[in-house]
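I am opening a page for a structure that is new to me, and I will write down what I looked up in the order in which I looked.

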Amino acid sequence: MKALVQRVLQASVTVDGVVVSQIGKGFLVLLGVEKDDTTKQADFLAHKISALRIFEDSQGKMNLNLSDVGGSVLLVSQFTLAADTSRGNRPGFETAARPDKANELYLYMIEKLKSYNLEVKTGIFQADMKVALINDGPATFMLEKKGESENG
């Protein structure tokens with residue numbers, strides 16, 4: 001499972017010309033679910049996202065987390081994060097989770113993030129979304145937790 005975390009001043013998701021979600025200061029999180037992922041990876045990443053100290057304190061040091069600054073999360077499912085670009089020029093998606101499993105883990109991640117008392121807004125799973133953001137910094141971080149294969 002991969003979570004691309006972008007520290008934002010604001011972010012929004014538009015579907016069919018209608019803004020369906022928006023946040024002010026916080027994190028835009030693009031979530032890529034892979035076929036071997038389980039709730040273990042979601043638990044790890046939700047905790048990491050909730051505790052990630054990438055907002056500046058009064059000394060200009062990255063030392064504050066979402067709760068410290070009253071920030072929100074805009075969580076958007078992004079299966080292209082699971083792309084294999086190591087061969088050729090067309091991405092392969094063999095490692096991406098099937099839509100039913102990806103949606104199940106996406107929904108689980110939403111609830112897990114909320115369990116950390118975070119305000120969580122979302123995109124619409126499998127919709128053609130237009131995502132807008134003002135990246136603060138810019139500050140962008142890739143968080144990843146590999147799934148376990150069935151053989152161990």
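Which residues is Phe27 in contact with, once its neighbours within four places in sequence are left aside? Before answering I note that this is a predicted model. I found Phe27 in contact with Val5, Gln6, Arg7 and Val8, with Ile49, Leu52, Ile54 and Phe55, and also with Leu66, Ser72, Val73 and Leu74.

**Entry: the cores.** I then looked up the largest nonpolar core, which has 27 residues, and saw that Phe27 is among the four members that touch the most others, together with Leu75, Met109 and Leu113. The elements that give two or more residues to this core are strands S1 (2-15), S3 (26-32) and S6 (72-77), along with helices H1 (39-51) and H3 (99-114). H3 gives the most, with 6 residues. I also noted a second, separate core of 12 residues, which includes Leu28, Leu74, Val76 and Met129. As background, I wrote down that nonpolar side chains in soluble globular proteins tend to be buried together.

**Entry: the whole chain.** Stepping back, I counted 3 helices and 8 strands in the protein chain, and reading along the sequence I wrote their order as β-β-β-α-β-β-α-β-α-β-β. The radius of gyration is 15 Å, close to the 15 Å that the globule rule gives for 152 residues, so the chain is as compact as a globular protein of that length. Taken along the principal axes, the C-alpha atoms fill a box of roughly 45 × 40 × 30 Å. I noted that 40% of the 152 residues count as buried, and that the chain exposes about 8,500 Å², of which carbon and sulfur atoms supply 47%. Among contacts between residues at least 6 apart in sequence, 73% join residues at least 24 apart.

**Entry: a patch on the surface.** Turning to the outside, I found that Val18, Val20 and Ile124 form a nonpolar patch, with about 220 Å² of accessible area together. Ile124 is found in the loop between strand S7 (119-122) and strand S8 (129-144).

**Entry: Glu94.** Leaving aside its neighbours within four places in sequence, I found Glu94 in contact with Lys35 and Arg87. From C-alpha to C-alpha, Glu94 and Ala83 are 7.7 Å apart in space, while in sequence they are 11 residues apart.

How values were computed: Residues numbered from 1 in each chain as written. Predicted model: local features only at pLDDT ≥ 70, side-chain atom pairs only at ≥ 80, totals over all residues. Heavy atoms only, no water. Patch = residues over 30% accessible without salt bridge, like charges linked within 9 Å, V, L, I, M, F, W, Y side chains within 5 Å. Areas by Shrake-Rupley, 256 points an atom, 1.4 Å probe, with all protein chains shown as cover. Salt bridge = Lys/Arg side-chain N within 4 Å of Asp/Glu carboxyl O. Helix = DSSP H or I, 4+ residues; strand = E, 2+ residues; numbered from the N terminus. Core = buried A, V, L, I, M, F, W, Y, C linked by side-chain atoms within 4.5 Å. Buried < 20%, exposed > 50% of the residue type's maximum accessible area, 1.4 Å probe, protein only. Contact = heavy atoms within 4.5 Å. Rg over C-alpha atoms; globule rule 2.2 N^0.38 Å.
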